[in-house]
Amino acid sequence: MEFYRSHVLVCTGTGCTSSNSRSVISGLRKELADKGLEKEIQVIETGCFGFCNLGPIMVVYPEGVFYCRVSQDDIQEIVEEHFTKGRVVQRLLYHEPNTTVKTQEFNDIEFFKHQKRIALSNCGIINPEKIEEYIARDGYFALAKVLHEMKPEDVIEEIKKSGLRGRGGGGFPTGMKWNFAHKAQGDQKYVVCNADEGDPGAFMDRSVLEGDPHSVLEAMAIAGYAIGANQGYIYVRAEYPIAVERLRLAIEQAHKMGLLGKNIFGMGFDFDVDIRLGAGAFVCGEETALLTSIEGKRGEPRPRPPFPANSGLWGKPTIINNVETYANVTRIIRNGWEWFASMGTEKSKGTKVFALAGKIKNTGLIEVPMGTTLRTIVYDIGGGILNDKKFKAAQTGGPSGGCIPAELLDTPIDYDNLIAIGAMMGSGGLIVMDEDTCMVDIARFFLEFTQDESCGKCPPCRIGTKRMLEILTRICEGKGVPEDLENLETLAKTIKSAALCGLGQTAPNPVLSTLRYFRHEYEAHIYDKKCPAGVCKSLLSYKINEDKCRGCSLCARNCPAKAISGKVKEPFVIDPEKCIKCGACMEKCKFGAIERK
Amino acid sequence: MRSLEELKSLKAKAEKEMALREDTGKPTIIVHMGTCGIANGAREVLNTILSELKSRNLTDIHVTQTGCPGLCHLEPLITVSEPGKKNPYIYAKVTTENVKKIILQHIINGQPVTEWLVNLEK
Ligand SMILES: Cc1cc2nc3c(=O)[nH]c(=O)nc-3n(C[C@H](O)[C@H](O)[C@H](O)COP(=O)(O)O)c2cc1C
């Protein structure tokens, strides 16, 4: 065994990889070797810390110093100052927004302080490509416990009592689902992991797979034991190459150690896992479509019942759970249901991972106890709104969800509260919007997405979302008519009740929730032909204020459409016929003479 | 994997390799590595500490470094800080020879080598 005095963990999740963490790692290894320090300081590749907009992230142990945005140019200084002289490189430390405070240790950073990491507890701590590091943190002990000490019924009971609900969107009680599959008759049963993660902007599942792949494999084996299955499939997006590679490696290592395969722990239980790559459509994340896709057919949903627990993959009893759901299972088995049930709200236990995005200072991945308020997430963890603008709304649940307005910032976030206010937990995308966001435009954006992703099998979704999108587009273009709002509502209700699968049933949600909280914005578009947030181009007009214009001609020179004319030193004018409303003139004007209405 | 025992011994081994990333509740040895320290042999002291800890398999002792505390004439300096104790022990003029005694007597047996301490906090 090698003895190192320092471990340097560098994130190699997708976020940090795209900000070049790999070249930082290779540069660091080279610099350490050049200085003869490679036997003292070990560089370790790890998973996502969640602080993706500050990547590449580097954490130095034993001190726990947290460096952000480390580039290749910083390596020499880090090696010279920190690793040879023990002086922390101050300028690379994390800087708390809204203050001048620089924070050295990562547990002291506000962003992490309000979090409770269960599903992400190994992400950023272990090297996901080494099964030993997972084992060092009690990995595979839950599987050992289940096989040695528990009957399948006990496992199901434990999960039921923990109160764990599906993290993939629906929030269905996991223990109950397992029980259906356990009771179902069948010589062959299957365990499936849903890692399709199609929600735009969401990357919770990717981070778990990249940072802690064994936690999912172990939980799938536990599920297999509970329901009587010995084959598992992970259906993972093809767009997640790092996650796929780490999963492959994890499966291979688990096999080598006999933690997957035949006769695990000598207890007579066999379990195997295979990977299936996603077919690249949002609807393939819907469970029946996903199963159809694994069977090698076109990923289209089918009516339920029969539910997969009774008739799933190739007609056999199958459970399908989300990545994050599985990531919680091993921890529940190890720590007991009481521990898990002690966190969260009455009907939503444990924690939830959110991908925090939009107009917020700290974007990234967070895990908070259920029942945390949106205010804590936006202001304490997220550091507030970018450029200190006003918070307008947060969208949860992506294209299936809804928006939460500022009045409801103090709502404790859990499954039932979100449904009650017209939003939904979804898989955990959380997009923050500021005062410059047009809510009609947002609704149109999400509907464009679902309409595009509608598989076309059922008419309510295929035709209904198309009609809704037409109306929304018309409103944004200033051609809305008074009946539009009523028609939108009727269409929404019809699609919700008549569509075949969850995609169609939830597609109208963004429209309904914006109508509920921001109806006045729709009305402004329709009756006043105005977009209050100044987003919808067709409803905007740019005008030069004659009193402020000094006639410098800067705007005219920057107008790409040659729509501005005038004599130097006299007020200029914009020709509304030619103006393409790009806003370039307004940005350039030094005298604030250009007004947008 | 044939048994729980096998998994346990694997864990014990892997845990040692990761001890650096956990708070082990054991003392930390801090080597002062300012220019003055390095010029007086702090690097050699550091290397000796590392090889000594390695040969004794003391993976739960953390070794870190810091800059010059201002006592340049007493370099190389090392500080031993113990969790729960307010004042750390600062050793002066450490050599590759006497650091071995510090490890044996102080780190392993819990008896600070008082005659080499600069601060007389006992
Ligand atoms: C259109 C649509 C897309 C979905 N996409 C996903 C997805 O990407 N990942 C996921 O885990 N569940 C997704 N679901 C939910 C699944 O159908 C299913 O409920 C879930 O995988 C069950 O696992 P859970 O109980 O652990 O949440 C989607 C559902 C719909 C209707």
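**Local Backbone Geometry, Chain B and the Interfaces**

Asn387(A) sits in the loop of chain A that runs between α15 (374-381) and β14 (391-396). Helices and strands here are DSSP runs numbered from the N terminus, a helix being H or I with at least four residues and a strand being E with at least two. The model is a predicted one, in which local features need pLDDT of at least 70, side-chain atom pairs count only at pLDDT 80 or more, and totals for chains, interfaces and linings use all residues. Residues are numbered from 1 along each chain as its sequence is written, chains are lettered from A and ligands numbered from 1 in the order in which they are written, and side-chain values use heavy atoms, with hydrogens and water left out.

Let me stay with Asn387(A). Although it is not a glycine, Asn387(A) has a positive phi of about 55°. Is Asn387(A) buried or exposed? Its relative accessible area is 65%, so it counts as exposed; the cut-offs are under 20% for buried, over 50% for exposed and in between for partly exposed, with a 1.4 Å probe and protein chains only.

Asn263(A) counts as partly exposed because its relative accessibility is 31%. As background, most residues other than glycine have a negative phi, and most peptide bonds are trans.

In chain A, one joins Gly55(A) and Pro56(A), with omega about -10°. Pro56(A) belongs to the loop between β2 (41-46) and β3 (58-61) of chain A. In chain B, the bond from Glu75(B) to Pro76(B) is cis, and omega is near -10°. Pro76(B) is in the loop between β2 (62-66) and β3 (78-81) of chain B.

I continue with some buried positions in chain A. Where is Asn321(A) placed? Asn321(A) is in strand β11, residues 318-322. Asn321(A) is buried because its relative accessibility is 3%. Setting aside residues up to four places away in sequence, Asn321(A) touches Thr174(A), Lys177(A), Trp178(A), Val192(A), Cys193(A), Asn194(A) and Tyr326(A), where contact means heavy atoms within 4.5 Å.

Ser553(A) is in the loop between β17 (542-544) and α22 (554-558) of chain A. With a relative accessible area of 14%, Ser553(A) is buried. Apart from neighbours within four places in sequence, Ser553(A) is in contact with Val568(A) and Phe572(A). The C-alpha atoms of Ser553(A) and Ser565(A) are separated by 8.1 Å, the two residues being 12 apart along the chain.

In helix α3 of chain A, residues 75-85, the buried residues include Ile75(A), Ile78(A), Val79(A) and Phe83(A).

Now to chain B as a whole. What pattern does chain B follow along the sequence? The order is α-β-α-α-β-β-β-α, with four helices and four strands. Along its principal axes, the C-alpha trace of chain B spans about 60 × 30 × 20 Å. Chain B has 122 residues, and 47% of them count as buried. Among contacts in chain B with a separation of 6 or more, 65% come from residues 24 or more positions apart.

Next, the interfaces. The size of an interface is often given as the accessible area lost when the parts come together. Buried area here is what two parts lose in accessible area (1.4 Å probe) on being put together, summed over both. For chain B and chain A, the value is about 3,200 Å², with 63% of it on carbon and sulfur atoms. Met1(B), Leu20(B) and Arg21(B) supply 23% of the area that chain B buries against chain A, more than any other three residues. How many residues of each chain take part in the contact? There are 34 residues of chain B in contact with 43 residues of chain A.

Within chain A, the domain bounds come from an automatic or database assignment. They give domain 1 (6-113), domain 2 (131-341), domain 3 (351-434), domain 4 (439-528) and domain 5 (541-596). The C-alpha centres of domain 2 of chain A and domain 4 of chain A are 35 Å apart. Their contact takes 10 residues from domain 2 of chain A and eight residues from domain 4 of chain A. Between them, domain 2 of chain A and domain 4 of chain A bury about 870 Å², of which 75% is on carbon and sulfur atoms.
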